[in-house]
Amino acid sequence: MDELTLLDWKRRIFELYAEIRADPQPHRAWQRWCAVREELFRSHPQSPSHDARPAYFDYDPALRVYGAVEAVERTRLAIATSGDERYAFTRFGRVRFMLQGQEQTLDLYWLDGYGGGVYLSFADATSGRETYGACRYLLDSVKGADLGERDGQLVLDFNFSYNPSCAYDPRWVCPLAPPANRLLVPVRAGERAPSAA
C-alpha cells in the first residue's frame, strides 16, 4: 500500500533528522544524512527517483548559520506549486542571518493544512544552473526536515538543503519558493540539480 510505504519513508526521515540534531559534529551528521538519503533513493518504494541519485556540493562549514526569528504581520498566502493548484500557507515570521558576509532574510511559513508545519524553501543565484531551478528546501517539518535551534536561533545549515521530490518526478506536487525567499548570493551547499548528478 502506497500510504504505508510513504509512512515508512517519513518515519525514516524523522529519525534521520533526530540523529542530525543530536550529533555535535555537523560535518559527520551531514555525511550520515547523505548516506541515508542515497540508500533511500536507491532502495525505498517511495523514492522520488530510482534512476537519479542525489549529488551534493562539498560540505562548507561557513554555510552553517544561525538565524534570529522575528515576528511579521501574519499573512495568508496561496503559494505556487509544481502542479496546477496552490497550497495555503501563513507567513508568520522572518529569519535574519549572515551569509557570505551579508545580512539575509527568508520568510517562514506555516502550512495551513491539517497538522500544519513550518516550511522554508529558497532559491539563490545557483538556481536553474547548478541547483534545481524552482527551489530547494531547508525546513519542512511536515516531513521531518528540521535542524533545530541553538540559543533561541534557528539552525540554518545550507549543507542540508535538498531538492523537492518534484525535481525528480512530476508525479509529486511540491510547493515552491515564494518571491520573498530568493537570495541574490550563490549558495553552493546541499543538493545539486538532478541533471548535475
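What covers the buried residues of H1? The exercises below work up to that and beyond.

The model is predicted: local features need pLDDT of at least 70, side-chain atom pairs count only at pLDDT 80 or more, and totals for chains, interfaces and linings use all residues. Residues are numbered from 1 along each chain as its sequence is written, and side-chain values use heavy atoms, with hydrogens and water left out.

**Exercise 1. Helix H1**

Task: check the length of H1, find its buried residues and say what covers them.

Solution. 
- Step 1. Helices (H or I, at least four residues) and strands (E, at least two) are DSSP runs, numbered from the N terminus. H1 covers residues 2–22.
- Step 2. The expected span is 1.5 Å times one less than the number of residues. For the 21 residues of H1 that should give 30 Å, and the end C-alpha atoms are 30 Å apart, which agrees.
- Step 3. Sort by relative accessible area: buried is under 20%, exposed is over 50%, partly exposed is in between (1.4 Å probe, protein chains only). The buried residues of H1 are Trp9, Ile13, Leu16, Tyr17 and Ile20.
- Step 4. Look down the axis of H1. The buried residues fall within an arc of 95 degrees, so they line one face of the helix. The arc is taken from the directions from the helix axis to the C-beta atoms.
- Step 5. Turn to the other side of H1. Glu3, Leu4 and Ala22 are exposed there.
- Step 6. The cover of the buried residues of H1 includes H2.

**Exercise 2. Helix H2**

Task: repeat the check for H2 and find what its buried residues pack against.

Solution. 
- Step 1. The 18 residues of H2 should span 26 Å at 1.5 Å a residue; the end C-alpha atoms are 26 Å apart, which agrees.
- Step 2. Buried in H2 are Ala29, Trp30, Trp33, Cys34, Val36, Arg37, Leu40 and Phe41.
- Step 3. These buried residues pack against H1. Contact means heavy atoms within 4.5 Å.

**Exercise 3. Aromatic rings**

Task: how many aromatic pairs does the whole structure hold, and how are the rings of Trp30 and Tyr59 arranged?

Solution. 
- Step 1. A pair of aromatic rings is described by the distance of the centres and the angle of the planes. Rings of Phe, Tyr and Trp (its six-membered ring) pair if their centres lie within 6.5 Å; planes under 30 degrees apart are stacked, over 60 edge-to-face, and the rest tilted.
- Step 2. The search finds 12 aromatic pairs.
- Step 3. The ring centres of Trp30 and Tyr59 are 5.5 Å apart and the planes are at 55 degrees, so the pair is tilted.
- Step 4. Trp30 is in H2 (residues 26–43), and Tyr59 is in the loop between H2 and strand S1 (64–79), 29 residues apart. Both Trp30 and Tyr59 are buried.
- Step 5. Now take Phe89 and Tyr109. Their ring centres are 6.4 Å apart and their planes at 80 degrees, so the pair is edge-to-face.
- Step 6. Phe89 is in strand S2 (residues 87–99) and Tyr109 in strand S3 (residues 102–111), 20 residues apart. Phe89 is buried at 2% relative accessible area. Tyr109 also counts as buried, at 2%.
- Step 7. Trp30, Trp33, Tyr56, Tyr59 and Phe160 form one aromatic cluster.

**Exercise 4. Charges over rings**

Task: which ring face does Arg37 lie over, and which does Arg150?

Solution. 
- Step 1. Apply the test: NZ of Lys or CZ of Arg within 6 Å of the ring centre and within 35 degrees of the ring normal.
- Step 2. Arg37 lies over the face of Trp33, at 4.8 Å from the ring centre.
- Step 3. Arg150 lies over the face of Tyr66, at 3.8 Å from the ring centre.

**Exercise 5. Cysteines**

Task: how many disulfides does the structure hold?

Solution. 
- Step 1. A disulfide is a pair of cysteine sulfur atoms within 2.5 Å.
- Step 2. The count is 0.
- Step 3. Cys166 is in no disulfide; the nearest cysteine sulfur is that of Cys174, 3.0 Å away. That is too far for a bond.
- Step 4. Cys166 is buried at 9% relative accessible area. Cys174 is buried at 2%.

**Exercise 6. Arg94 and Asp107**

Task: is Arg94 buried, exposed or partly exposed, and which residues does Asp107 contact?

Solution. 
- Step 1. Arg94 is in strand S2 and is partly exposed, with a relative accessible area of 22%.
- Step 2. Asp107 is in strand S3 and is buried, at 5%.
- Step 3. Leave aside neighbours within four places in sequence. Asp107 then contacts Arg91, Gly93, Arg94, Tyr119, Leu120, Ala180 and Asn181.
- Step 4. The C-alpha atoms of Asp107 and Gly93 are 6.0 Å apart, across 14 residues of sequence.
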